[in-house]
Amino acid sequence: MHKQILIFLQIIILAFTMHAQQPEISYHIAWDQPNSHFLEITMTIENWTADSLDLRIPAWRPGRYVIQNYAKNVVGFQAFDQASTSLTAKKLDKGTWRISRGTSPKVTVKYKSYARQLDAGSSYLDDSEAYINPITCLMYIPGKELLPVSLAIEKPAGWKIATALDFDEDKKAFVSENYHELVDAPILISPSFNLLTFKHKEALIEIALQGEANYDEKKMVEDVRKIVVEQIDIMKDVPFERYLFMYHFLPYRFGHGVEHKNSTSIVLGPTDFDNEKFYDGFLGVTAHEFFHAWNVERIRPGAIYRPDYSKENYTTTMWIYEGVTSYYTGVTLVRTHLIKKEKYFKNWSRTIKDFQSTYGRKVTSVSEAGWDSWTKGYGNAPPNTSFSFYTKGNILGMLLDLEIRQRTKNKKSLDHVMRNLNETYAKQNLGVPEDGFQQAIQTVTNSGFEEFFADYVRGTEEMDYNRFLKYAGLELKMETDKKAPKVYLGITTSGDEKETKIRNVTPESPAFKAGLDRDDILLAIDDKRAHKNNLDLLLKKYSHGDTIRISVFRRSELRHFDVELAEALPDKYEIKEIEEPSKLQKKIKKSWLNEEEEKQPN
């Protein structure tokens, strides 16, 4: 018995000793000359005992799955011991520095990070604000990302700070339980941002507004509150004590949002809250980013649960985390009546039309699109081979929601699936496996979805929209515009009357079969001058099966191509309610969209 107690005490002492020997990591950010756009970073590591110390700056950030190489912004890397004597440091690769520690238990590193990109995911510094995404500028010790860290910020007098990070009054620094949490919280430092607040279910919701804009504070709080209340009700969960919406309003055209665990950063412009289209966009990006507080931030794919910031982290499930989040964007707005049902259907018609006009849907599956985002995403794929996994994931979210409601006679929905994922993985601190979403759907419905996932997720089968829409008493009508040409050519163009360039040729189209190519300069159709502004007018006189001669310049050489025109494709998409829906169809649509009760005539 005494021996067992002795062993137990030895284990406790060993554990305490190991904990005490863990390095202490702290950061300090300051700036001297804001028009240089350089943040001055100091990183201090205490209790380091190994002969050398590796430091690395991330190569990418969660939320944008492409290598961005933040090392390119690092300038003037230096390392010092506790006596402020320089230590030898060398680069091992593009983003890793190795420091020869000597005998010092304390290592201080100083460097500058260039910050002159104002979007939601980057860092920016000038004389009016400092906007810091820590992941873009703070280094880490590989293998020590789970250690506690702190960050002190030296700011000009009179400037305020907005961030979701917790401030420790004793340390005079922001503290975080680990590096992952620290770099998942953007920081706004400015003398002029406006801060609005409200509470819901004891959670404090903050709205930081940087930049001039004609917003109504009361209306903004009311509408953001509606989004927060609805999504918390969908998830039946409040996973934070405080959440920060951070907005930058710009005078020029821009739109970008990035999700974080307890905050979001959104950049919009040109700002005009009296403009319905702008305000719809404001509400949409707000709803999208807030739903990420669960979907991807807590309900997190296993592949990036604890990310390796030095390289690609592959997963086939990005359509779930971005696309299904996009689905809940629209659902949130229509259920809260921030947009009307008619506009919701119109938005869906436009989304489906845009996706159906993307040839890449026939080439690449949505699971492949997510996996390949590191190399082919964000416009980097060969023409006509890709599409946005946001868009198809959005559509799949709707189809799955309607299918689940139909199979369960409206007793279950996609909402139940999201809650299942939250309980099964997020609250258990587990990453979601690659097939976790499908398994959750099958658990909730007690039925199989293998065919759906094989066809539409891992495959490229065309989606039968009306099969799913009819469950809610809806139908998709597709027609050709009577005012448009009755023929299909298969090119997109850019330019003007002076010069029109063929920007794309759709595979399998008449133009493709005839040999036309990207970057051909359009000159004439049947010897009549053709350009972007008169192309439709010229094609109107032709019918399906007619052959036309298209003349182009290709690398300054005059070329002629005979093209047999095809029948015009549908270009008018409209979702309509059917005339005599069944009781179940009515029930599904009402609960799906949170339809208001129809007012009875007096």
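User: Is Lys 341 buried, exposed or partly exposed, and what is its relative accessible area?

Analyst: This is a predicted model. Lys 341 has 22%, so it counts as partly exposed.

User: Which residue forms a salt bridge with Lys 341?

Analyst: Look for a side-chain nitrogen of Lys or Arg within 4 Å of a carboxyl oxygen of Asp or Glu. Lys 341 pairs with Glu 577, and their closest N and O atoms are 3.2 Å apart. The pair links distant parts of the chain. Lys 341 sits in helix α6 (residues 341-356), Glu 577 in strand β29 (residues 572-577), 236 residues apart. Glu 577 is partly exposed too, at 37%.

User: Where do Asp 401 and Arg 405 lie?

Analyst: Both are in helix α9 (residues 389-407). They are 4 residues apart, about one turn of the helix.

User: Are Asp 401 and Arg 405 buried or exposed?

Analyst: The cut-off for buried is under 20%. Asp 401 has 0% relative accessibility, so it is buried. Arg 405, at 4%, is buried as well.

User: How far apart are the closest N and O atoms of Glu 423 and Lys 427?

Analyst: They are 2.9 Å apart, and the two residues form a salt bridge. Glu 423 is partly exposed at 42%. Lys 427 is partly exposed at 39%.

Terms used:
Residues numbered from 1 in each chain as written. Predicted model: local features only at pLDDT ≥ 70, side-chain atom pairs only at ≥ 80, totals over all residues. Heavy atoms only, no water. Helix = DSSP H or I, 4+ residues; strand = E, 2+ residues; numbered from the N terminus. Buried < 20%, exposed > 50% of the residue type's maximum accessible area, 1.4 Å probe, protein only.
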